[in-house]
Amino acid sequence: MSEQTYPDTFDPRSLRTGLGMDVHAFAPGRPLIIGGVNIPHYQGLDGHSDADVLAHAIMDALLGATRAGDIGKLFPPDDPAFKDADSIKLLQCVTEKVRELGYEILDVDSVIAAQEPKLSPHRDAMRQNLASAMGIPVDNVGVKATTTERLGYEGREEGMTAYATCLLWRCS
């Protein structure tokens, strides 16, 4: 995807925000893929697709901002076509839909809640993968990680949660 250029000023009425959130439980015998990066860990996340919790949260933020539903509507979990699907490719499809609806992605920010593994060594690769999938500059993609101080299911290392927000511009 080619990177989009943006005007210097915006009519505030042409801006939209979206919020996304996704949760997946850990499961043995699966790869751990976050932001399109295969992260060494003794277990991965359970899901119909590759269970990339970060890409899923971002897709839901984008779809929410355009009022186009959610990833479950676009990629039903009972559809065998999406079994073990690459979520970065699904994010590319969502980006195409966002653009078909007349929007451009200005900015995406996210946070992953996980006790383990440490995600900061993989942050730059995640940002690059996500930016590339959305066709936006890497500087317009934020990825952070936090522990939950051993509280909740993330703290007990039962699963991960990702939250994402986006800013879109209605350009047509």
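A polar contact is a pair of N or O atoms within 3.5 Å; within protein, one must be able to donate a hydrogen and the other to accept it, and residues adjacent in sequence count only if both atoms are side-chain atoms. Keep that in mind for S87, whose side chain makes such a contact with the side chain of D50 at 2.5 Å. This is a predicted model, in which local features need pLDDT of at least 70 and side-chain atom pairs count only at pLDDT 80 or more, while totals for chains, interfaces and linings use all residues. Residues are numbered from 1 along each chain as its sequence is written, and side-chain values use heavy atoms, with hydrogens and water left out.

**Two helices side by side**

- Two packed helices are described by the angle between their axes and the distance between the axes.
- Helix α1 (residues 53-66) packs against helix α3 (residues 87-100) at an angle of about 10 degrees, and their axes are 10 Å apart.
- That makes α1 roughly parallel to α3 (under 35 degrees is roughly parallel, over 145 roughly antiparallel, 65 to 115 roughly perpendicular and the rest oblique).
- Axes here are lines fitted to C-alpha atoms, for helices over the stretch in contact, and angles run from 0 to 180 degrees between N-to-C directions.
- Helices (H or I, at least four residues) and strands (E, at least two) are DSSP runs, numbered from the N terminus.
- On the α1 side, the residues that meet α3 include I58, M59 and L62, and among their partners in α3 are L90, L91 and V94; contact means heavy atoms within 4.5 Å.
- By class, this contact of α1 with α3 has 9 nonpolar, 3 polar and 1 charged residues (Ala, Val, Leu, Ile, Met, Phe, Trp, Tyr, Cys and Pro are nonpolar, Asp, Glu, Lys and Arg are charged, and the others, Gly among them, are polar).

- S87 sits in helix α3 and is buried, with a relative accessible area of 0% (buried is under 20%, exposed over 50% and partly exposed in between, with a 1.4 Å probe and protein chains only).
- Beyond residues up to four places away in sequence, S87 touches S49, D50, D52, A55, H56 and M59.
- T161 lies in strand β7 (residues 159-170) and is also buried, at 0% relative accessibility.
- The side chain of T161 makes a polar contact with the side chain of E154 (2.6 Å).

**An aromatic pair**

- The structure holds 1 aromatic pair.
- The ring centres of F75 and F82 are 5.2 Å apart and the ring planes are at 75 degrees, so the pair is edge-to-face.
- Rings of Phe, Tyr and Trp (its six-membered ring) pair if their centres lie within 6.5 Å; planes under 30 degrees apart are stacked, over 60 edge-to-face and the rest tilted.
- F75 is buried at 12% relative accessible area, and F82 is buried at 17%.

**Backbone features to look for**

- Most residues other than glycine have a negative phi, and most peptide bonds are trans.
- A51 has a positive phi of about 65 degrees although it is not a glycine; A51 is in the loop between β4 (43-45) and α1 and is buried, at 0%.
- E149 has a positive phi of about 55 degrees, and E149 is exposed, at 64% relative accessibility.
- The peptide bond from E116 to P117 is cis, with omega near -5 degrees, and P117 is in the loop between β5 (103-113) and α4 (123-134).
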